[in-house]
Amino acid sequence: QVYVLGEVRNPGLYDVTGRGIGIMGAIAQAGGFSDWAGHASVVVMRLTADGYFVRELDLTALRKGSEFDAAAVDLQPYDIVYVNRSKIGDFAAFSKNVMTAMVQYSRFILDVRQLEDPEIYRR
């Protein structure tokens, strides 16, 4: 089993018993990249006898056909694959949160005004 977390469509624990799986296969099992995924920043974490092994991978090299370290792609049981959010995804999430907060604040102000003067919206 490997964990696939972060900016994938269905984060979770995926069973890979009986067959090897590469990082792209694990991401595919998790439904693929989300719209806000940062392909240039995918982290593989593994617990070894010497401690934690952590490696950041740039998967954009696969799309460009560039040379890629295949040894870093083969996953082992209980590895964690974490797909970071892209910079534009960070901005989109920030914008969404700010807009939601502004709408909620505006509704709050309108409710307070209506409590102060119930006739304000009837005019």
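**Exercise 1. Determine how accessible aspartate 79 is and which partner its side chain meets.**

Step 1. Aspartate 79 has a relative accessibility of 1% and counts as buried; buried means under 20% relative accessible area, exposed over 50%, and partly exposed in between, with a 1.4 Å probe and protein chains only. The structure is a predicted model, in which local features need pLDDT of at least 70 and side-chain atom pairs count only at pLDDT 80 or more, while totals for chains, interfaces and linings use all residues. Residues are numbered from 1 along each chain as its sequence is written, and side-chain values use heavy atoms, with hydrogens and water left out.

Step 2. The side chain of aspartate 79 meets that of arginine 46 in a salt bridge of 2.7 Å, N to O. A salt bridge is a side-chain nitrogen of Lys or Arg within 4 Å of a carboxyl oxygen of Asp or Glu.

Step 3. Arginine 46 belongs to strand E3 and aspartate 79 to the loop between helix H2 (60–64) and E5, so the pair ties together parts that are 33 residues apart in sequence. Helices (H or I, at least four residues) and strands (E, at least two) are DSSP runs, numbered from the N terminus.

Step 4. Arginine 46 is buried, at 13% relative accessibility.

**Exercise 2. Find the salt bridge of glutamate 7 and describe the surroundings of this residue.**

Step 1. The search of the whole structure gives three salt bridges. In one of them, glutamate 7 pairs with arginine 85, and the closest N and O atoms are 3.2 Å apart. Glutamate 7 sits in the loop between E1 and E2, and arginine 85 in strand E5, so the pair ties together parts that are 78 residues apart in sequence.

Step 2. Glutamate 7 is buried at 15% relative accessible area, whereas arginine 85 is partly exposed at 34%.

Step 3. The side chain of glutamate 7 also makes a polar contact of 2.7 Å with that of serine 34. A polar contact is a pair of N or O atoms within 3.5 Å; within protein, one must be able to donate a hydrogen and the other to accept it, and residues adjacent in sequence count only if both atoms are side-chain atoms.

Step 4. With neighbours within four places in sequence left aside, the contacts of glutamate 7 include Phe33, Trp36 and Val83; contact means heavy atoms within 4.5 Å.

**Exercise 3. Trace the strand pairings of E3 and E5.**

Step 1. The elements run β-β-α-β-β-α-β-α from the N terminus on.

Step 2. Strand E3 (residues 37–48) runs antiparallel to strand E5 (residues 80–85), with five bridges; two strands pair if DSSP finds at least two bridges between them. Valine 44 has valine 81 in E5 as its bridge partner.

Step 3. E3 is also antiparallel to strand E4 (residues 51–57), through seven bridges, and a hairpin of two residues joins E3 to E4. Arginine 46 stands opposite phenylalanine 53 in E4.

Step 4. E1 and E5 run parallel and share four bridges. Here valine 81 in E5 is the bridge partner of valine 4.

**Exercise 4. Locate arginine 9 and aspartate 35 and characterise their pairing.**

Step 1. The two side chains, of arginine 9 and aspartate 35, form a salt bridge of 3.3 Å, N to O. Arginine 9 lies in the loop between E1 and E2 and aspartate 35 in the loop between helix H1 (23–29) and E3, so the pair ties together parts that are 26 residues apart in sequence.

Step 2. Arginine 9 is partly exposed, at 48% relative accessible area, and aspartate 35 is exposed, at 66%.
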